[in-house]
Amino acid sequence: MTIAGWLQIATYCLVLLILTRPTGLYITRVMETGGSPLEPALGPLERLIYRLAGVDADKEMRWTGYALALLAFSMISMLFTYALLRLQGFLPLNPMGFSTPSAPAWATAMTADLAFNTAASFTTNTNWQSYSGEGTMSYLSQMLALALHNWVSAAAGMGAAMALIRGFARHSADTVGNFFRDLVRCSLYILFPICFFYTLFLVWQGSIQNFAPYTVAITLEGAKQIIPQGPLASQEAIKMLGINGGGFLNANSAHPFENPTPLSNFIEMLSIFILPAGLTYTFGKLVKDTRQGWALLAAMFALFLAGVAVCYHFEAAGNPLMARQGVEISTAGLGDLGGNMEGKEVRFGLANSALFATITTCASCGAVNCMHDSLTPMGGLVPLINIQLGEIVFGGVGSGLYGMLVFAVLTVFIAGLMVGRTPEYVGKKIEQKDVKMAMLFVLAGSFSTLVLTALSSVLELPAGSPLNPPGATWHNVNNAAAHGFSEILYSFSSCTGNNGSAFAGLTSNTPFYNVTLGLATLIGRFIMMIPAIALAGSLVAKKYVPASSGTFPTHGWLFVVLLIAVILIVGALTFFPALTLGPVVEHFLMHCGRLF
Amino acid sequence: MLEQLIPALRATVVLGVLTGLVFPLLMTALCQLLLPYEANGSLVRHKDGHIIGSTLIGQQFASPQYFHGRPSAAGSGYSGEASAGSNLGPTSARLIVGQQDNPTTAGVDESFAGVKQLADAYRKENLLSAQDRVPVDAVTRSGSGLDPHISPENAMLQARRVASARALPLREVAALVEQHTQGRQLGFLGEPRVNVLELNLALDEIKR
Amino acid sequence: MNDDLSLVPVPQRKKMPLFQPVIVRRALKDSLVKLNPLTMAKNPVMFVVEAGSVTITIVFLRDLISRTAAGTLLFEGQITLWLWFTVLFANFAEAIAEGRGKAQADTLRRNRRETTARRELGKDKYEVVAATALNKGDVVLVKAGEIIPSDGEVIEGVASVDESAITGESAPVIRESGGDRSAVTGGTTILSDWLRIRITVQPGETFMDRMISLVEGAQRQKTPNEIALNILLAGLTIIFLLAVATLLPFSIYSVRAAGAGQPPDLFSLISLLVCLIPTTIGALLSAIGIAGMDRVLQHNILAMSGKAIEAAGDVDTLLLDKTGTITLGNRQAVEFLPAPQVSERVLADAAQLSSFADETPEGRSIVTLAKRYGLRERQLSNIKAHFISFSAQTRMSGVNLNGKQIRKGASDQIYKFVRELGMPVPVEVEKEVTRIAQAGGTPLVVADNMRGLLGVIYLKDVVKGGMRERFQRLRAMGIRTVMITGDNPLTAAAIASEAGVDDFLAAATPETKMQLIRKEQSGGRLVAMTGDGTNDAPALAAADVGLAMNTGTQAAKEAGNMIDLDSNPTKLIEVVQIGKQLLMTRGALTTFSIANDVAKYFAILPAMFGTLYALPGTAHGPLWSLNIMALHSPHSAILAAVIFNALIIIALIPLALRGVSYRPMGAEALLQRNLAIYGLGGLLVPFPAIWLIDQIIVILRLAPLS
């Protein structure tokens, strides 16, 4: 590790902290109290959208209505994407002729299972990609089928979080907001203005934005090189801000076109965390005690910094197996270009790669600027654990906050009993139904990750099976032994967590993995989001209980520590056995000098 | 149910058009107007007009008179249509000691250069001794497979070879490397690095 | 519990040792009975343990018969045994908690069965029947030395009754027909005289019957928090079930990949499962609830449901009646303030004379205070006096003595009395009267027909000792106290400030009391109150915790959800404390249970995967380095964890029954303390404990050395 590296990390944290409050205030205005300065300009468009969509945005919904609207919208938009992907060969804006007879030889076919996986994955804000963008997707598919979800899945997540915040903020009420209003206002007043300037910024740094066919270059040595083109920057902006992570190109944010410079990298990292960080302030603001929001942010920051420190430390320590081959890996000599550079870009180095890997998995982003599969075992453990904890450390747009609030509810329930009262959180008593919903939330994630990983690590299929051409499902790994297991575990953790990053060695574009991973994304999104909205419904009806000195204060350091402990213990206890057989054992093996 | 589905469908179409068509078209128009060079891929043209490549995208260099980029896992090496890393884990034998071609499978080349082979080759072409340690970026594949940069240490170690291949004084080549070493952006972001294509273009300039 | 710091000293009189031989014997038997899977199914955590135990018993028996796994039989047998112990220990905890109540109920029931009654058939005609055969409306005659057979109302006679069977209070009470003291309770004993009693309840519905069923816990239903906690525990159990069940495929993959080691056997997997699921709290949860009810009972309070006790822990506002709860209940004379030109002694003398016949506590306190002025108590018979008692019309009382008319009473009446005699009312006296009233006291003016106004007696409501400190502690716990009084606001304010309550409701009527409760509740606060009168009934029913006095009317007793057999309103504070203790004990043991898992992982996982990725010729693979406790062998490690997991249940039974120690302090301080003990303790304790058990196992050669 280097001072220069830590300086970049510290700057990042500082800028994020400074932006939290204004962002939170702005979200509060847009989503709840009104008064966004953009309202005069965009108001007519907002009303036009409601009219065209035929919705009454002023009608408040009960939690059931909210959840139904969200589900219906997600289902329809998922079908829409599936249809577009399957039909891309017949649709315009396809200069490379993907899914047509004139497709290049290196193109990937858009099969039914791949289209299902992709549609599910983008609808759920996961953006797991079993395909490579530059070899599969027409420009229309990228923009209309995929980028649509980059916008609306983020806005829907924000809506669900707002519903839960309203559950805490309102009392003796029965409605939690209007789904379409939340969806449209988030897209229009929050995502759109930021993405507008963000796109321009990215292009200024070197990202591409055009509709040209791929460029064929003749290199200095006379070889042919294909350079991909397309409307990339506009999609990159929402991919990061919406914490989606589905890259326009296969290498994602490691690709020089998606992430051309260290500055673009800094802004991309910032844009992952900015909305979830702001939402913690919004939460505090709306429950009329901003300290509550800061406490959540403090817990997030502590977990995040711990992750960065571990990941950076192990990446900087590097791979001793490489050192044995006479390779200089010491950061003392090479700075942040030493350590483990496999899968990393020189312009980012170790610190920015470790930071990005931690951020993208703390949040449910899944964009990567280095290949996670090639991280050191312990360095790779960090993203894996981050995802398995439920991506509540900042997390997705909305999904991070509602996940964190679910854990706050659990923490208050376990610890609150110890002060001798029925547990309360921000003035709401935590009772049977709330605990039930919180447990359902936690259970859904563990179930999907563990069971599907278990299935995939032992399922025997004949070689060439149409379900999975490589045969047994554990043949799809790119690395043998413990690391192979990590690849499978990571894939289901990532899809269940709606992250989308990968230990990308796994060959996942087979019917078996496309379907199981697609299912995991749906479970991870909806079986977790619906309990969160139900929790909102249960909370919103409750009376407000004023805090007294007998109430466990949830804004102090003690709560922060407890919250972290509950998150770590619940997460670690669930996944520790699996992690032992993956990264942990690999760490020891690496230091024993074992190769597989 | 229908009362839920119809607004959902209408909203999908309306928002799809706005976010999926209007927004990218609007942004493309603006970018083409304001930043056409960047928006089209920062392409470098040869004086005869053909496109050499993009300053942002690394390309394969094998001949001794050019600086070499990092090993690449993109396709056959720096294939722009197949950006990718190696996705090999730290205990992978392929990654560390490489893999030989299997002679029984004709037509398929399984050979893969591991860190060991890459380091040996690097030492050999740059006339280093067996004890000399090779900078790690020279033997590892980047995440994109299209990394346009190498570390300044890596560049300096190659300078001697390039100088002798081009019959240029080492000092001049080394000065060129230094000249093309980009510092940290805004003074603190990222790592000092050398853009290989730009450096090689500059070398070709000297030749004339 | 540290009595110095507890809110109210815990009465010692019914305290029983935790483990009485009788109770333990019975609990041992009950633990076996409770193995019935239908009973176990109510407790998801322990049900999983039982299911696991059955499974491995079958496998063990199979191995025993087929002798296939001779090397591991010792291990398998011990694991099987300890898993069954885990289940039995849990059952034992519950049985012993129930046992205390059951033993008490047995005694009560025996008395009840043996009681007979003399039922009236007609005038002076009686038949002897069993107490249990009495119906509502029957009339019985009970004589000295006999037990009153059922609940009823005295219709004739006066008698002293020993109610200690119910209240534990050995001092006899008077029961007579008519008025407040006519209700008698079945199971109490007449000490002197006789009573004719009309039975007012149906068989099986007597107070004693209700008490028996409450004590036995037959009606025990899970409380809201207990249900919520059960959901949490069931959820955690499912999560660990998933984690352990999927471990098998994971290890099959790993073994295949490593080419070394073996997938864990069923015994290790089920051991891991049992160690991970929250068995400690799962085993003790119902015992904690039962013990909480029991503790309330030991304070002589009958709680109609566990829910009420739990609600007591949540109480935000305590409504306390001023009289009898905050103050001693009677105003007492504290000072004589003579009129100008009157000596204190003269006033004292007149006051004493006028109060001789006054049997009220106020009257007696005046007599007592006068003694300080050297006035001895005079024999009533020696004085030819005609006493005039207080009436609502005159609002005065006094004495006519040798033509002297001494009067004492409310100021306006005495002023009138004096003015009618043509004598003046000095301004000084009027000033004193106002001053006393403003200070919350009651001015009693004394005058006679010869000397006119003599002065004022200062009657004061005396606040009980230590109340201010108690309220301070309640405040620290976040509980607001509101004093309820019929006094005028001025008086009420003065007493409120003296007692240190947070608020008061003056000139209270049943309606204003109700309003106050509704107001507090609509603000999200839980309200507790005490009451005894029929007009308290609606408020008692509306309050979240309504503690009715046993001496109170039937209506009040039915409206409240707790009855204090000692009729001591300050007990409300103890009930709150017990409620809090109940919740805290659950929280503490849950935290402890979950925190324990960390150490168990470090015992079992290296044992399971110790040979994975081992190089040929070496005994251990890399994961054996996770064995940070340096346990001897995989078998001893797993055994040690399982044994620890079982023994910790037994070790914590006393804590579950007694409850974690409670000190009234703010939530944050309380949490810090409990977290340090049960959270951090739960994390750390298992490490040395498992290490020690491992050592013992090896010394006893219960497992191979490596």
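Analyst: Chain B holds seven helices and six strands, where helices (H or I, at least four residues) and strands (E, at least two) are DSSP runs numbered from the N terminus. Read from the N terminus on, its elements follow the order α-α-β-β-α-α-β-β-α-α-β-β-α. The model is predicted, so local features need pLDDT of at least 70 and side-chain atom pairs count only at pLDDT 80 or more, while totals for chains, interfaces and linings use all residues. Residues are numbered from 1 along each chain as its sequence is written, chains are lettered from A and ligands numbered from 1 in the order in which they are written, and side-chain values use heavy atoms, with hydrogens and water left out.

As for overall form, chain B has a radius of gyration of 23 Å, whereas a compact globule of 208 residues would have one near 17 Å; the radius is taken over C-alpha atoms, and the globule rule is 2.2 Å times the number of residues to the power 0.38. Taken along the principal axes, the C-alpha atoms of chain B fill a box of roughly 75 × 50 × 40 Å. Of its 208 residues, 55% count as buried, meaning under 20% relative accessible area, with exposed over 50% and partly exposed in between (1.4 Å probe, protein chains only). Among the contacts (heavy atoms within 4.5 Å) in chain B between residues at least 6 apart in sequence, 51% join residues at least 24 apart.

The accessible surface of chain B comes to about 9,000 Å², and 59% of that belongs to carbon and sulfur atoms; such areas come from the Shrake-Rupley method with a 1.4 Å probe, and for residues only the protein chains shown count as cover. The chain carries 18 positive and 19 negative charges, whose mean positions are 4 Å apart. Here Lys and Arg count as positive and Asp and Glu as negative, His and the chain ends not being counted, and the place of a charge is NZ of Lys, CZ of Arg, CG of Asp or CD of Glu.

Turning to the neighbours, two pairs of chains touch, and the most contacts are between chains A and B. That contact takes 104 residues from chain B and 110 residues from chain A. The area buried between the two chains is about 8,500 Å², of which carbon and sulfur atoms give 67%; buried area is the accessible area (1.4 Å probe) that two parts lose on being put together, summed over both. Glu81(B), Asn87(B) and Thr91(B) supply 9% of the area that chain B buries against chain A, more than any other three residues. By contrast, no contact joins chain B and chain C, and their closest C-alpha atoms lie 13 Å apart.

Buried residues make up 72% of the 596 residues in chain A, and 77% of its contacts between residues at least 6 apart in sequence join residues at least 24 apart. In chain A, the centres of the 28 positive and 28 negative side chains lie 12 Å apart.
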